[in-house]
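Please walk me through this protein chain, from its overall layout down to a pair of residues in contact.

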Amino acid sequence: MKLFGGLKKGENPLYPWGFHILDKWLQIKNRGDSLITYFEENSIDRIAIYGLGILGRRLYEELQQGAVEIVCGIDRNAANIHIENLEM
């Protein structure tokens with residue numbers, strides 16, 4: 001049975017979106033740039049990460065290498081997520 005957007009029952013509606021984000025992120029990395037550079041060039045020095053699934057955790061790890069302050073993490077499953085030094 002297909003639901004909205006051509007998805008079948010049980011399929012994750014965020015999957016195509018997450019795949020697109022990952023594709024753009026890898027393009028940036030393959031150019032030799034990083035998200036840290038993007039944030040620094042745009043004077044973004046504090047962020048919150050919305051969603052701490054696989055991509056959110058990888059973003060957290062990447063940003064640990066720079067000067068961007070991760071103020072907090074926001075996730076609907078926050079009670080079950082623990083990331084050292086990250087307020088939920």
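The paragraphs below go from the whole chain to two residues.

This is a predicted model, in which local features need pLDDT of at least 70 and side-chain atom pairs count only at pLDDT 80 or more, while totals for chains, interfaces and linings use all residues. Residues are numbered from 1 along each chain as its sequence is written, and side-chain values use heavy atoms, with hydrogens and water left out.

The protein chain has three helices and two strands, in the order α-α-β-α-β along the sequence. Helices (H or I, at least four residues) and strands (E, at least two) are DSSP runs, numbered from the N terminus. Of the contacts (heavy atoms within 4.5 Å) with a separation of 6 or more, 46% are between residues 24 or more positions apart. The chain exposes about 6900 Å², 54% of it from carbon and sulfur atoms; areas come from the Shrake-Rupley method with a 1.4 Å probe, and for residues only the protein chains shown count as cover.

S34 sits in the loop between α1 (15–30) and α2 (35–41). S34 counts as buried because its relative accessibility is 16%, where buried means under 20% relative accessible area. Its side chain comes to 3.2 Å from the backbone nitrogen of I36. Beyond four places in sequence, S34 touches I28 and E62.

E62 belongs to helix α3 (residues 54–63) and is buried because its relative accessibility is 10%. Outside four places in sequence, the contacts of E62 are W25, K29, S34, L35 and I36. With the side chain of W25, the E62 side chain forms a polar contact at 2.7 Å. A polar contact is a pair of N or O atoms within 3.5 Å; within protein, one must be able to donate a hydrogen and the other to accept it, and residues adjacent in sequence count only if both atoms are side-chain atoms.

Note on methods
Buried means under 20% relative accessible area, exposed over 50%, partly exposed in between (1.4 Å probe, protein chains only).
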